[in-house]
Amino acid sequence: MTTPETYTNPVLDADWSDPDVVRVGDDFYLTASSFGRVPGLPLLHSRDLVNWTLVGHALERLQPEEDFAAPRHDCGVWAPSIRHHDDRFWIFWGDPDQGVFQVNAPGIRGPWTRPHLVKAGRGLIDPCPLWDDETGDAYLVHAWARSRSGVKNRLTGHRMHPDGTSLLDEGRVIVDGDRIPGWFTLEGPKLYRHDGWFWIFAPAGGVETGWQGVFRSRGFFGPYEERIVLEQGDTGINGPHQGGWVRTAAGEDWFLHFQQRGAYGRVVHLQPMSWEAGDTATGGGGGWPVIGDAGAPVAVHRRPALPAQPPAAPATDDDFPGGRYGRQWQWTANPGDGWATQHSGDGLRLTCLRSAAAHDLRALPHVLTQRLPGRPAVAEVELRLDGTEPGARAGLAVLGDAYAWIGLERAADGTVRLVHRFAEAVADRERDAGVPCPAPDGRALLRIEAAAGARCRFRYDLGDGPRRSGPVFAATPWRWTGALLGLFATAPEGPGHAGSATFTRFRITSHLPPTVPSPSDPAEESRP
């Protein structure tokens, strides 16, 4: 049970995948994987490691721009590392198809430099830099993606130019997981200098069931010893691994990591961390880190000894003032001109962009998304369809390898109808999940009720009371990311402008309404 003196995991209950963290003064900053969504490299801020807010993004557009003009949901930005050096913030990440990139900025809100390619190559992932304040040397370690390189389960180390722009050698394998009995899928390294040792915090064992390993050596290029410092044990927290260590100004140590939770993606946990006493026989220091409760993840724990902060979480709700959308939203590809139109009132005005992929939301670049909450919740938005061309449509979706949406569509006879559609993971186009019904005013209140297990119930209100539509839809993740909530407007291919759609008052509430009978719904007559 949580008290004012304790916190409950996860501290970020949504898909903030592969987190890394750094402290600057009394402030903590976290970034995470953003894969093919734009803007990328989210930037979160906290003063107590428990309450976090989203303050921006470090990557305005994915590069090369033409490669991300269409969705590439599991590509792009993988497992970034964030550091503060020489009065600048630095973020390094791997694009598995291109290589290791970095951006840097004088402040967390920028301006951030354009992405700089530090090392080109396929399969280079999860890079982490280190500037050694004692010697002035700089280093970089990275892992490998077998899907692109044929190599995995090993970490490669380089000497790096101190300006972070290039590497000074061809690199060498400094940890080979194949030589460690029982270790596989070694990845996600985070590199530190502490107590006279080089330390690499690196997970292994796979996303859902893996463990957190730590390696130490007196020299950067090894040899390294290893130890498992965090694993599930008899807790209910599966695969507690991959994240970053941070020390408070008062000297407390903490470790942030993810837990894979199916359609919810990788939620973020905070674990206490301490150090064993060093071995005097080795010259002092070098005691191993102890994470969680003697190596098992904690669900509830004493808060960090930091000034109390008001409850906070990354924003979800949006009134879209002036047609602008908040930081929580990301496109599924690099955005184009005219996708969203600013205006003098409230509401998100999306152009019904014509597309050959209008029948499959997974292939549309102009879907505006945010993360699906990790707990039961209700997403609701008001929609007005102004698209005048037959086939123009807009709606609210839950998007993953499979998807479903509810919204409005202009029919061939010029009328507007309420539609509810879905597509299975193996399908290349969507089909009806409920029977279409007239929406004479061209307006609807749309709702997705996501219950435990991300089981989603769709409802709508055309002005005569809420009605249920279709069967329950079980949200699914992508291969590497959690399911998304999305807003979209589109139309089939054809000549001319297809109009627009306006979304107003987007809300996510953290509770489900009581189950009550809905009015008779023609969209359910042929469905359970």
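The exercises below treat the salt bridges of this structure.

This is a predicted model, in which local features need pLDDT of at least 70 and side-chain atom pairs count only at pLDDT 80 or more, while totals for chains, interfaces and linings use all residues. Residues are numbered from 1 along each chain as its sequence is written, and side-chain values use heavy atoms, with hydrogens and water left out.

**Exercise 1.** State how many salt bridges a search of the whole structure finds.

Solution. The criterion is a side-chain nitrogen of Lys or Arg within 4 Å of a carboxyl oxygen of Asp or Glu. A search of the whole structure on this basis finds 31 salt bridges.

**Exercise 2.** Locate the partners of the salt bridge between arginine 148 and aspartate 97.

Solution. The closest N and O atoms of arginine 148 and aspartate 97 are 2.9 Å apart. Arginine 148 lies in helix α1 (residues 146–149), and aspartate 97 in the loop between β7 (88–95) and β8 (99–105). The pair, 51 residues apart, thus links distant parts of the chain. Helices (H or I, at least four residues) and strands (E, at least two) are DSSP runs, numbered from the N terminus.

**Exercise 3.** Classify aspartate 253 and arginine 247 as buried, partly exposed or exposed.

Solution. Their side chains meet in a salt bridge at 2.7 Å, N to O. Buried means under 20% relative accessible area, exposed over 50%, and partly exposed in between (1.4 Å probe, protein chains only). Aspartate 253, at 7%, is buried; arginine 247, at 34%, is partly exposed.
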